[in-house]
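Look at the sequence and the model together while reading.

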Amino acid sequence: MCGVTGWVDWEVDLRTRARTVHAMTDTLGCRGPDADGVWLSRHAALGHRRLAVIDPAGGRQPLAAERGAAAEESPRAVLSYNGELYNHRELRRELEALGHVFRSRSDTEVVLRAHLQWGAEAPARFNGIFAYALWDPAREELLLVRDHLGIKPLYWHRHPSGVLFGSEPKAVLANPLFTAELDGEGIAELFALPAAPSAGHGLFRGLHEVRPGHLVRFGRGGARETRYWALVSRTHTDDAATTGATVRALLADSVERQLLSDVPLCTLLSGGVDSSAITALAASARERNGLGKVTSFSVDFPGSADRVPDAWRTSQDAPYVRAAVEHIGTLHTSVVVPDDDLLDARDQVLRARDRPGWGEMDASLHLLFREVRRHSTVALSGEVADEVFGGYPYFHDAAALAADTFPWLHGRTTPAALLRPEAAAEARPEEYTAEAYRGSLAEVDRLEGEQGADRRLREVSHLALTRWLPPLLDRVDRVSMSVGLEVRVPFADHRLVEYLWNVPWALKAPEGRSKGLLRDAVRDLLPPMVTDRPKSGYPSTPAVRYTEVLTARAQELLADPNAPVFQLVDRATVRRLLADGEPLPSPRTAPNPVGGLDHLVQVDEWLRAYRVGLR
């Protein structure tokens, strides 16, 4: 995977701003440790950092489509691309039949020539994960494009005479035209909706994300956003057997396509049905193609076997991982993460995410990915299965489904409860959340005649895909790319998502079995204890020392009259909760007594490290 960035300016000659463009590009070095490149012209500058996965020798960027042999001629288009196109071979053959001549095996060149052939209609033909920038010199127009579900990030900021963009906010922040500031909306996103962020909101004032399934055009006349993909509701006519067979075929095809790599590849295996199914299908495809065994990795913590199960973390991974490994026959490594390593990783993760995140859960994921990266450059993950098959607890909780809010927020107190009265008046957390919820429901494509539970479950499925899923994808992308690891998500193949969108709940959860459709579709691949394992969330560490250190840091903040976090958070409320031994409200929906404490300390660290101003 890679990092893209750039700058368009109608009033400044960007050929004189090479130093700044290189600085923007350098911020993305972790995303692309293998190569870098910058393309400069009068009104546009594109930067690129490359992680070489397909055609390491032939995929250098930014990539230009030249008009002719004359050096003085401007190119037809210039591309800075981050992603993997899983159907690039088919598109290459189609484009060659139309007269295009390719100079490399890279999917980047396929993306470029697809735009030359089909223009803005090209992204709808793509199967993959991508976020890229395309500059058209003749029209003086910039095009920013993001994949169907928003697996790869892309941010932008309009300034008075143009636009800045980058794969991560840090690239935009490296340009002096952008200042890190937090306004009322940003406060609401950070404290009221960290578990349901608004599509397109970049947290910092004036920073936006290209929304999933969208492209944005920037020209002298302004900006124009277009949607190229959306979930469309249709009546599902397949019976149970056909539905199961279709799901299996789509998933198997997605996994096989995503095994394509010129560098070492592995799977992330937690022992749940999702990651185990991906691993089993990958092993089957590799065997069919005469390749070796699959390499797999899992994460664990000292003392995890003694932890008491709860509603979120229903069982330990280790026994199920062992069962899956023995049944599938992978080359497996369990990565054990000690307390001290978690503490050491906190700053790295904050810098990777450019915002307060999930604390120790981010840190443990970072350490897992760091170990995986020593052996592989690409990893397949089981993420997104719970969103498309309805596997989370809130899909099966009557009270949560009936609540007039995001179901995973029902009955929960968010960190907004800690805000000072002045900050709360600026952010309006309750009203902001209610408006966001109503706006999200208005986006659902309704099925004519659908009523009752089916109608509500379609709404919740849409909320899961558009509000719950984005922070999970963002977390995986940022943390993995901070160590130069590309994580692929076969369950996010838009063809599978489109199909499952219209499968009735009775087929997704036959006899009330959570994800029964998926379990039955892959039952022949896995041992029964793995196939039928109940949902168990990503593990949080039982580390005692981690909690002790964070508590000490929170006390230090309380004693610091200049701690920036208390410009937003009420100091007396935090002091009282800590004195009473009460957990602070957490941004996470998973039960974790240290989550709120982590958030408080991280917000302070973020405000300091990024010098965030308050508006």
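Predicted model: local features only at pLDDT ≥ 70, side-chain atom pairs only at ≥ 80, totals over all residues.

Residues are numbered from 1 along each chain as its sequence is written, and side-chain values use heavy atoms, with hydrogens and water left out.

On a 1 Å grid over the protein atoms alone, a cavity is a set of points where a 1.4 Å probe fits but cannot get out; a pocket is an open set with protein on both sides within 12 Å along at least five of seven lines; and lining residues have an atom within 4 Å of a point. Grid points are joined across faces, edges and corners, and a volume is the space filled by probe spheres set on the points. How many cavities of 30 Å³ or more does a search of the whole structure find? The search finds eleven.

The largest cavity has a volume of about 880 Å³. Its lining consists of 44 residues, and E383, K535, S536, G537 and Y538 lie nearest the centre. Helices and strands are named here from DSSP runs, numbered from the N terminus (helices are H or I, at least four residues; strands are E, at least two). At least two lining residues of the largest cavity come from each of α7 (273–288), β15 (295–300), α10 (360–373), α11 (385–389) and α15 (452–481). Of these, α15 gives the most, with five residues. Residues can also be sorted by class: Ala, Val, Leu, Ile, Met, Phe, Trp, Tyr, Cys and Pro count as nonpolar, Asp, Glu, Lys and Arg as charged, and the others, Gly among them, as polar. By this sorting, the lining of the largest cavity has 24 nonpolar, nine polar and eleven charged residues.

The second largest cavity holds about 460 Å³ of space. It is lined by 35 residues, and P197, E209, R355, P471 and D474 are the closest to its centre. Both α5 (184–191) and α15 supply at least two residues of this lining. Which element supplies the largest share of the lining of the second largest cavity? That share, six residues, comes from α15.

Next comes the largest pocket, with a volume of about 570 Å³. A199, R211, E443, T466 and R467 are the closest to its centre among the 29 residues that line the pocket. Two or more lining residues come from each of α14 (429–442), α15 and α16 (494–501). Here too α15 gives the most, with six residues. The lining of the largest pocket has 14 nonpolar, eight polar and seven charged residues.

Now turn to the helices. Two packed helices are described by the angle between their axes and the distance between the axes. Axes are lines fitted to C-alpha atoms, for helices over the stretch in contact, and angles run from 0 to 180 degrees between N-to-C directions. The axes of α14 and α15 come within 10 Å and cross at roughly 110°. That makes α14 roughly perpendicular to α15 (angles under 35 degrees count as roughly parallel, over 145 as roughly antiparallel, 65 to 115 as roughly perpendicular and the rest as oblique). α14 passes α15 in a right-handed crossing; a crossing is left-handed if the near helix is turned anticlockwise from the far one by less than a right angle, and right-handed if clockwise. The contact (heavy atoms within 4.5 Å) is made by A436, Y437, S440 and L441 of α14 and R456, E459, H462, L463 and R467 of α15.

Helix α2 (residues 88–97) packs against helix α3 (residues 107–118) at an angle of about 45°, with the axes 10 Å apart. The two helices are therefore oblique to each other, and their crossing is left-handed.

Two backbone details remain. Most residues other than glycine have a negative phi, and most peptide bonds are trans. Q61 and P62 are joined by a cis peptide bond, with omega about -5°. P62 sits in the loop between β3 (44–50) and β4 (63–65). R428 is not a glycine, yet has a positive phi of about 45°. The place of R428 is the loop between α13 (421–427) and α14.
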